[in-house]
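Here is a short report on one structure. It takes up helix packing, domains and a chain interface in turn.

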Amino acid sequence: MLHIYILIPFLAALLIGLAAKKVDRIHTGWFVLPVPTVLFILFISKLPTLAEGKIVQSIANWIPSLDIQLSFYLDGLSMLFSLLITGIGTLVVLYSIFYLSKREQLVHFYVYLLLFMGSMLGVVLSDNVFVLYTFWEFTSISSFLLIGFWFYRERSTYGAQKSMLVTVFGGLSMLGALILLSITAETNSIREMIANRSDIIESDLFIPILILLLIGAFTKSAQFPFHSWLPDAMEAPTPVSAYLHSATMVKAGIYLVARFSLIFSGTDVFFIIVSGVGLITLCLGSILASRQTDLKGILAYSTISQLGMIMTMLGFGTGIATLAAIFHIFNHATFKGSLFMIAGIVDHETGTRDIRRLGGLYTFMPISATLAFFGAFSMAGFPLPIFNGFLSKEMFFDSSLKLEQTSGFAGTFAEWIPWLAVIGSIFTFVYSMYLVFGTFTGKAKLDQLEKKPHEAPIGMLISPIILIGFVVLIGLLPNLINESLLAPAVASVTGDFALTHLAFWHGFDNTPLHLSLIVVAVGTILALTLKRWQPIFNRVPGKFSTDRVYQSIVNGLLSFSSKFTKFYMTGSLRLYTSIILVFLVVSTSIFIYVTDGFKIAFDDLAPVTWPEVLVGFVMAVAAIATIWMTQRIAAIIVIGVVGYGLSLLFVFFRAPDLALTQLIVETITVALFLLCFAHLPKLKKSDKKSSEKLVDFVIAASTGALLTVVAISSHSSKYFDSISKYFVDNSYKLGGGDNIVNVILVDFRGLDTLFEIAVLGLAALGIYAMIKYRDKGDMNH
Amino acid sequence: MHSRSNDLILKTTTNIIVFVILAFSINMLFSGHNAPGGGFIGGLMGAGAFLLLYVSYGLQPVHRILPINFTYMIAVGLLIAILTGAGSFVLGVPFLSHSFGYFQLPLLGKTELATAMLFDLGVYLTVIGVTMTIILSIAEDKIEKEVGEGN
């Protein structure tokens, strides 16, 4: 069953791509809308099964030899995410129908969106880690396509590229973690890994696995220091920002941490890294959000900060913290999705998202403004029971006060957490108020707007209304989804199925409420005096901007690689030859040294005769003399001495065929050299410095010495008898000839000869073509 | 073009020497199986004979008397070599399997005939073609250049 659920969006993407061009009168979105709706209903229908504590699963083979199966299962956590993906997917598609005009490339948009939806479902339903990774990268790619949807804008492509680099970096490091995990646990299934938990925790690879996996989760979920791609991803169309960058994709990292927390949770390292990074992200995100001027910029940093908060709670790993995290995943999706949609409406109806040019929109857009109030107050965690954000925030405070880590550093760290949580929440309150009051109250600056603002069409408002409806409904009746949705999700994260009663009111005498009141009080003061703080805001966080770090890494890599390439790819053949020779000398001599390969044996040597010595001496003198020749022709002729000497040596060594061939070939080569070199300019006197000459000399001498050593060694260590005896014995018997060389050439090893003459033929044709056609390409000729 | 002196001695000796070299080259080709020599050396030697003709008489006269396209000769040589190899398929044996036998031929008496000889002939023709193609391309190019510059 689950296979079909995941397949549906992909199939729909294919069909939309094929069919939508035919029908251009109806907005493509209407054809897409049924897909997430049907999926949502299908997932809802599984809720009773889950509430009984059962899970839904299905398995199909993919690569059985590697133990990679398409095994999907639906437990509480997957269900929560599946409902978010399909539910908010439905609302986003509905919203986008009214948001995107028919002039846009709608087919592209919806194909990408459906691909994303399908891959996201794949991520949250996979049990096999490699299938999970496959879908994980699919989400990165489809998100890249969606961010760069308006590909003709420079900022869009920049944002798309940045998010791609960061998330794929994380994805690859996650792949490393998954491979290590599957080796350590000897299984590819997440559930079996959880069963083998002790193996993983006790293995030496535990820390690398944890860190690599968390890098994957942190990059996807925009945690510090990988958060900087998310604000740049705001160049995407607003429905995409609402869907991917608030409700679904950025929660994939959260999902990953939650999914694997049964393995890692409870260890100090996990607690410190996840909670620590979460808290840093929470505080940094909320502080940075307060200095943004773009509506979507505020929301982006706010998303970062809220994700940090969820991450922190997952790091705590206690029952109440997990419940709070799960609850906040749901709450954040509702209010952040609606806020993004409202930001989109404001942008759509006024033509700008710059909060400095907005203001006083309440009178023009009362419905949007009301929705924004609810969303923002819920985000701020305002202590009223109609905001679901308040409930999860208070549970956050509560869980941070009830940490039981007492050992060493983790214990010290745990004591600080409530204070950091309060700081983060204060700034959350500040930017929420700034967002909503800055946009909708105050004096309207109509002259700065491109068009006269008015209320959005009803179709655009449906989705945020539904989401805000959830905000209020869950705020009033938190237990509505507790038993059916949250409890199974918590059960699949913590492992025990325990129902906790959610209540928004614990009486006056409890610390979380006091903390909330502090947040509201300090937050109000800060929000009212924001104008005075802003210069400080603008100065301080700039120093820590990871944006700059990212940019300098990218620029640094580019300039480093270009410098590095220019350093050795100079275009100078002399340098390349030197590199090749030095590499040859170094690697071969190391090899000889390591294997102790040098041998010298005197027992198998032929007697040396005087003619041989004489010829050899002449050849050596001629070879050395070549270097000092100042004219090309002289150099060629001196080289010729070496060639003729060689053919003489062949005569001494009783190789008449070789001697003959060498004689003629040498003559022809010398003649050809003379022919060609007559046209070349005169040899210039070498202007090389003496140091360069010395380097050349050392390289040349060492290469020569090395080859001599190799030749001596190989002659001294013959492990097998030569096969030449066979040729001597059988040349006449099998080949019908007495000339063994010739019989070998044309009979025993005729194939070599065949291709050698083919090489000769090609060379001749090459020369012919080069000479005859060399001017043909020249248009001036 | 620079004026060519009347190379009477050169031309006369060439007339004799060319046949000697050609005969030697063919001898090399045929005797290669049992004595030093073979297609490669024979081919180079044959090319030497042609070259001597070209050197003594110039490009145009030789080309008139011997209208050989040496580029085709490469193709013919390669084709002979490959077909010799492929011929072994007819008898169902691997590529380039040679065989030989002794036959009573008119004029020559008892002679050894080997399929390897045919292969060597392919080598011979290819080598002549290659050598001549290379040298003639360069030489013709030089003359065309000089003619072109003269205009």
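## Two packed helices

Helices (H or I, at least four residues) are DSSP runs, numbered from the N terminus. Axes are lines fitted to C-alpha atoms, for helices over the stretch in contact, and angles run from 0 to 180 degrees between N-to-C directions. The model is predicted.

In chain A, helix H7 (residues 129–147) packs against helix H13 (residues 238–247) of chain A at an angle of about 155°. Their axes are 11 Å apart. H7(A) is therefore roughly antiparallel to H13(A) (angles over 145 degrees count as such). From H7(A), the contact (heavy atoms within 4.5 Å) is made by A:Ser143, A:Leu146 and A:Ile147. From H13(A), A:Val240, A:Leu244 and A:His245 take part. Four of these residues are nonpolar, two are polar and none is charged (Ala, Val, Leu, Ile, Met, Phe, Trp, Tyr, Cys and Pro count as nonpolar, Asp, Glu, Lys and Arg as charged, and the others, Gly among them, as polar).

## Domains of chain A

Chain A has domain 1 (289–534), domain 2 (539–569), domain 3 (573–720) and domain 4 (721–781). These bounds come from an automatic or database domain assignment. The C-alpha centres of domain 2 and domain 3 of chain A are 48 Å apart.

## Where chains A and B meet

Chain A brings 38 residues to the contact, and chain B brings 42 residues. Together the chains bury about 3300 Å² (accessible area, 1.4 Å probe, that two parts lose on being put together, summed over both). Carbon and sulfur atoms carry 72% of that area. A:Val746, A:Leu754 and A:Ile757 supply 16% of the area that chain A buries against chain B, more than any other three residues.

## Conventions

Residues are numbered from 1 along each chain as its sequence is written, and chains are lettered from A and ligands numbered from 1 in the order in which they are written. Local features need pLDDT of at least 70, side-chain atom pairs count only at pLDDT 80 or more, and totals for chains, interfaces and linings use all residues, while side-chain values use heavy atoms, with hydrogens and water left out.

Definitions and conventions: Parallel < 35°, antiparallel > 145°, perpendicular 65-115°, else oblique.
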